[in-house]
Amino acid sequence: MQVRLSPRVCLTLGLITTLQLTMPAAAEVSLPRLVSDGMVLQRDAAVNIWGRADAGEEVRVEFQGQRYTAEAGDSGNWSVTLKSLPAGGPYTMTIAGENRIELKDIFIGDVWLASGQSNMEYPINRIVHRFADEIAAVNNPRIRQFRVPQTYDFHTPRTDLEAGQWLPATQENIQDFSAVAYFFAADIEHSERVPIGIINSSLGGSPAEAWVSEETLKKFPEHLNELQRFKDDGLIEQIERSDRKHSEAWHREADHNDRGYKRWHVEDLEVDDWSTMAVPGYWADTALGKTNGVVWFRKTITLPETLAGKSGLLELGRIVDADETWINGEKVGNTTYLYPRRRYSVPEGLLKAGENTIAIRVTNGGGRGGFVEDKPYALTVAGERIDLRGKWHYKLGTTMEPVGSQTFVRWKPAGLYNAMLHPLQKYSVRGALWYQGESNVGRADEYRRLLPALIRDWREGWKQNTGNKELPFLFVQLPNFLEPQDKPGNSGWAEFREAQTSALELPNTAMAVTIDAGEWNDIHPLDKKTVGQRLALAARKLVYRHDNITAYGPQLTSATFTGDKAVLRFSSAQGELIAKPCNTDCRHREADSPLFEFAIAGSDGRYVWANTRISGDSVEVWSDQVSQPHSVRYAWADNPAEANLYNRAGLPAAPFQVDRTDTGKASQQKSPTTAAGVTQ
C-alpha cells in the first residue's frame, strides 16, 4: 500500500530531520583508557578519576560507600579525587551522568610505572624457557599489567592512550608481561601483601631523550632542534617511504640474485662442492671474508628409530642477521633480525629414522654474518639432545652491498613522552622503575645531565617533586656485556655506568647493580629475575622502609692513598665484605689476590691489575708495579666478568674509579660517594 503525505507533514518531518542533523548529540560520560575494568588504584593516596562529558553536566562517582560529584567544565573535562583508601579488592565503581558506567574487578594496592627500552620491554615469552616451572605456575590476579601502546607524537602531549587494558597475571596473559616488571611485582606482592599494578610503558631501542618533555629538552639544544625538525609530518612520511623503498628493493634484489632461492632448502641436495665451517662462528673468518648478502648452511644428522616422528625443539642460538630454517625440506621457522634467540618447534611427523637435513638461509645486511658463539645449538627430541655444533656445509647465495642504516623515527626526542608517558600522569603511582641506557652508551657526559633531568621532569608531571614527596625512582645499572678483556683499560660501558650512578645524588632514588646478571654475547640477557628482585630489594628499603634488610652491595665511602697502597673503605652496615669464589679460571688476575677486577695506576695513568686484601670493612689495593698510586678502578670494563666484591647478602659492589687529588685526599671520579644502592 502506498501512503501519500501532505505538504505540511512533509515540511514538519523535514524540520525534525534538519534539527536532528544540526543539533549536537548529548555526549556520554567517557573515561580514559587507564580508568577501566581490572585497574589497580594507588592505596593510601589521593587518587584521580577523570574523563569527559557535556559542558556543565554533573558526573557522579560512587566507590567504597562514598559519593563524589563533579561538573564538566567548558571544555568537557571533569575530575574527582577519591579519599585515601587501604589496600583491598576486588571492588566495583560506578560513574554516571546522562549515562552510567560500571567498572568491575578493581583492586587497591601499589601502582608502579615500568619504563625504558628493550630490557624493560622484554616479555616473559622470550625468557620462559629459563624459568619454565615458575612461569607455568603463575596464577595471581592480584598482579596486573597495563601495556601502553607503542607510538609517538612530536606535536603535543596527548591526554589519553590509543588502546590498552588491565590484565591479571594468569596463564592466559603472563607471556606478554614485562619480565623485569613481573619479577619485581611478584616479590613486592609477596613481601608487602598488597595488589600490584604495573603500567608498562617501554619501547625497545629508545634513547632517554625520547622520554622527556619539550620543556626539559630546552636544556639540550641539539635534541630540541631535532624535535622541531620532526614536527614536520611530511618529512616523516618522506623518510619512512624512502627507508621502506630501499629495504624492499635490497631484499628483492637479494632474493632475485640468490642462487639458492627456493632451491637449496630441499631435503635431497648434492653438497660435494660446498665448503665447510664451524658453527657457531662467522663466515668473515672463512674464505668468504667480510661478505654481505645471503649464505646457505646445511647439516645432516642421524636419528634412531625411537625418535622418528616425534616433536622436538630446534635451538640455533642467535644468527646475524635474519634466517629462514627448514628440516627435511619443510620450513620450521624464521626470524627477521639478529637479537631474538632462535627456538623453533619441530612438529610431529617431520623427523625420521636415519638421515635428517637442516637447511638455513642466512641474510646479512652489514657487519659479520653468522652464528653467535656461546649459545645453544641443538635439536632436542623426547629429552634427548643432539648437539649441532661443529662442521656445517655452506655456500654463498649472493653478494650484496651493505643495506645501510635506517631512521627510527619513533626514537626521536620527546615523541614517546608525548604519546606514552604524558597520558599517564593523572594516574597516581607509587614509584617508577627505569631500565634504559644501551642506546645512550657513548654519551656518558650527556647522560650525567640527562637522567637527572628526566627524573625531575617525571616528578613534576606527577606533581611529586617537593619535600619528602618526590616520586621514588628506581633504575637498573647496565649489566656486563661484550667480551672480557685481558688487560685493564678504558671502557665506554664503565663510563656510562658511572654516569648512571651519579643520579643517586638526587633524593628518593635507588640503583640495582647488575654487572653479574648479563651475558657477554647478548644485549638482552635472560636473567630478568635477578634484575627484578634487586629492584624489589631497593624498593623495600627506600619505599617500604624495611630498614633491617640488606638492599644493596658494598658502598665505597672513602679512600686513602698512603705510600704504595690505597685503602678503600666500604659501608659496613650492609654486611661483611667477601670475595665471591671465581667461577672462571681467573687467568689474567693477580694470583695472590682474593678480589679481581681491581686495577691501580700511578701519576702516568697506566693501569695494571692490583693485589688486594680484605680487612674488615676495607680493601687494601697495591701493585709492585706502582710505587705511588694515584687512582684505583674496580670492575672498570664493558664486561667485568670476574668482579667478585660482594657482601654476605650476595649483592655486588658497583663499578667505580677513585682518584687521589692534589691535596692528597681521594675523590670518587664523577660520582657521589655512594657508589651503589640507595640515597634517601
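Start at Asp105, which is partly exposed at 35% relative accessibility. This is a predicted model. Asp105 is found in strand S7. Check its backbone: phi is positive, about 60°, although Asp105 is not a glycine. Most residues other than glycine have a negative phi.

**Along S7 to the Trp112 pair**

Stay on strand S7, residues 100-116, and select Trp112. Is Trp112 buried or exposed? Trp112 is buried, with a relative accessible area of 0%. A pair of aromatic rings is described by the distance of the centres and the angle of the planes. For Trp112 and Phe184 the values are 5.1 Å centre to centre and 75° between the planes, an edge-to-face pair. Phe184 lies in helix H4 and Trp112 in S7, so the pair ties together parts that are 72 residues apart in sequence. The structure holds 29 aromatic pairs.

**Helix H4**

Select residues 179-192, which is helix H4. H4 has 14 residues and reaches 20 Å from its first C-alpha to its last, close to the 20 Å expected at 1.5 Å a residue. How many residues of H4 are buried? Eleven of the 14 are, so H4 is largely enclosed by the rest of the structure. Among the buried ones are Tyr182, Phe183, Asp187, Glu189 and Glu192.

**The six-stranded sheet**

Next, show strands S11, S23, S13, S19, S16 and S17. In that order they form an open sheet of six strands, with antiparallel pairing. Which strands stand at the edges? Strand S11 (275-279) and strand S17 (330-335) do; each has a single partner strand, so one side of each is left without a neighbour in the sheet. From one strand to the next, the twist averages 30°.

Zoom in on S16 (residues 322-327) and S17. The two run antiparallel and are joined by five bridges. Pick Asp323: its bridge partner in S17 is Thr335.

Now bring in helix H7, residues 233-257, which packs on the sheet. H7 touches strand S13 (293-303), strand S19 (354-364) and strand S23 (390-399). The direction of H7 makes about 140° with that of S19.

Move to Lys262, in the loop between H7 and S11. Lys262 has a positive phi of about 60° although it is not a glycine. Its relative accessible area is 64%, so Lys262 is exposed.

**An aromatic cluster**

Select Trp283, Phe297, Phe371, Tyr377, Trp392 and Tyr394 together. Ring pairs link these residues into a cluster.

**Two cis peptide bonds**

Most peptide bonds are trans. Two stops show the cis form. First, select Gly89 and Pro90: a cis peptide bond joins them, with omega about 5°. Pro90 lies in strand S6 (residues 88-96). Then go to Val320 and Asp321, where the cis peptide bond has an omega of about 0°. Asp321 is in the loop between strand S15 (319-320) and S16.

**Charges over rings**

Finish with two side-chain contacts. Show Lys565 with Trp622: the charged end of Lys565 sits over the ring of Trp622, 5.1 Å from its centre. Then show Arg633 with Tyr607. Here the charged end of Arg633 sits over the ring of Tyr607, 4.1 Å from its centre.

Terms used
Residues numbered from 1 in each chain as written. Predicted model: local features only at pLDDT ≥ 70, side-chain atom pairs only at ≥ 80, totals over all residues. Heavy atoms only, no water. Pairing = 2+ DSSP bridges. Helix = DSSP H or I, 4+ residues; strand = E, 2+ residues; numbered from the N terminus. Axes fitted to C-alpha atoms, helices over the stretch in contact; angles between N-to-C directions. Contact = heavy atoms within 4.5 Å. Phe/Tyr/Trp six-rings, centres within 6.5 Å; stacked < 30°, edge-to-face > 60°. Buried < 20%, exposed > 50% of the residue type's maximum accessible area, 1.4 Å probe, protein only. Lys NZ or Arg CZ within 6 Å of the ring centre and 35° of its normal. Expected span 1.5 Å × (residues − 1).
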